[in-house]
Amino acid sequence: MDFYTIIEKARKTGKIDKGTNEVTKAVELGVAKLVVYAKDVEPKEIVMHLPIICKQKGIPCHEVDSKQKLGIAAGIKVSSSAIAVINEGDAKSEIASLKAK
């Protein structure tokens with residue numbers, strides 16, 4: 001399953017939040033349906049807390065290889081360390097299958 005495609009689909013038909021601070025807020029408020037963060041973020045401490053708080057809230061959280069590709073999937077011209085899907089839109093079935101795993 002390609003997380004970049006899921007994010008792109010959710011961006012076009014639903015709603016996403018971009019950036020570590022926005023993603024953290026979305027998780028803490030319990031509105032995030034899926035969190036994806038980049039492996040190549042430096043320093044690692046920026047995104048280290050995301051898998052932990054997602055697990056506490058029962059939100060699927062996945063690591064991808066590139067913050068550059070994450071930014072492109074989010075429709076922005078700069079790289080992005082993390083993305084939260086707030087409204088799944090047409091990506092609802094893909095995100096539901098991730099939760100089932």
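**Sheet, helices and nonpolar core of the predicted model**

Ala38 is bridged to Val64, its partner in strand 3. The model is a predicted one, in which local features require pLDDT of at least 70 and side-chain atom pairs count only at pLDDT 80 or more, whereas totals for chains, interfaces and linings use all residues. Residues are numbered from 1 along each chain as its sequence is written, and side-chain values use heavy atoms, with hydrogens and water left out. Helices (H or I, at least four residues) and strands (E, at least two) are DSSP runs numbered from the N terminus.

Strand 2 (residues 34-38) pairs with strand 3 in the parallel sense over four bridges; pairing requires that DSSP find at least two bridges between two strands. Strand 2 is also joined to strand 4 by four bridges, and these two strands run antiparallel; here Tyr37 stands opposite Ala82 of strand 4. Strand 1 and strand 4 are likewise antiparallel and paired over four bridges, with Lys18 opposite Ile83 of strand 4. Together, four strands form an open sheet of mixed pairing in the order 1-4-2-3. Strand 1 (15-18) and strand 3 (61-64) are the edge strands, each pairing on one side only. On average, neighbouring strands of this sheet are turned by 25 degrees against each other, direction ignored. Axes are lines fitted to C-alpha atoms, for helices over the stretch in contact, and angles run from 0 to 180 degrees between N-to-C directions.

Helix 1 (residues 3-13) packs on the sheet, where it touches strand 1, strand 2, strand 3 and strand 4 (82-87), and its direction makes about 115 degrees with that of strand 1. Contact denotes heavy atoms within 4.5 Å. Helix 3 (residues 49-57) lies across strand 2, strand 3 and strand 4 and runs at about 165 degrees to strand 2.

Burial was assigned from relative accessible area: buried means under 20%, exposed over 50%, and partly exposed in between (1.4 Å probe, protein chains only). Five of the six residues of strand 4 are buried. In helix 5 (residues 92-100), Glu94, Ile95 and Leu98 are buried. These residues cover an arc of only 95 degrees around the axis and therefore lie on the same side of helix 5, the arc being that of the directions from the helix axis to the C-beta atoms. The buried residues of helix 5 pack against helix 1, strand 2, strand 3 and strand 4, while the face turned away from the buried side carries the exposed residues Lys92, Ser93 and Ala100.

The largest nonpolar core has 33 residues, of which Val27, Val35, Leu50 and Leu70 touch the most other members. Two or more residues are contributed to this core by each of helix 1, helix 2, strand 2, helix 3, helix 4, strand 4 and helix 5. Such a core is a set of buried Ala, Val, Leu, Ile, Met, Phe, Trp, Tyr and Cys residues joined through side-chain atoms within 4.5 Å. Beyond its neighbours within four places in sequence, Val35 contacts residues that include Val23, Val27, Leu50 and Cys54. Leu70 belongs to helix 4 (residues 67-73) and is buried, because its relative accessible area is 0%. Among the contacts of Leu70 outside four places in sequence are Tyr4, Ile7, Val36 and Ala38. Leu70 and Ala38 are 32 residues apart in sequence, with a C-alpha to C-alpha distance of 7.2 Å.
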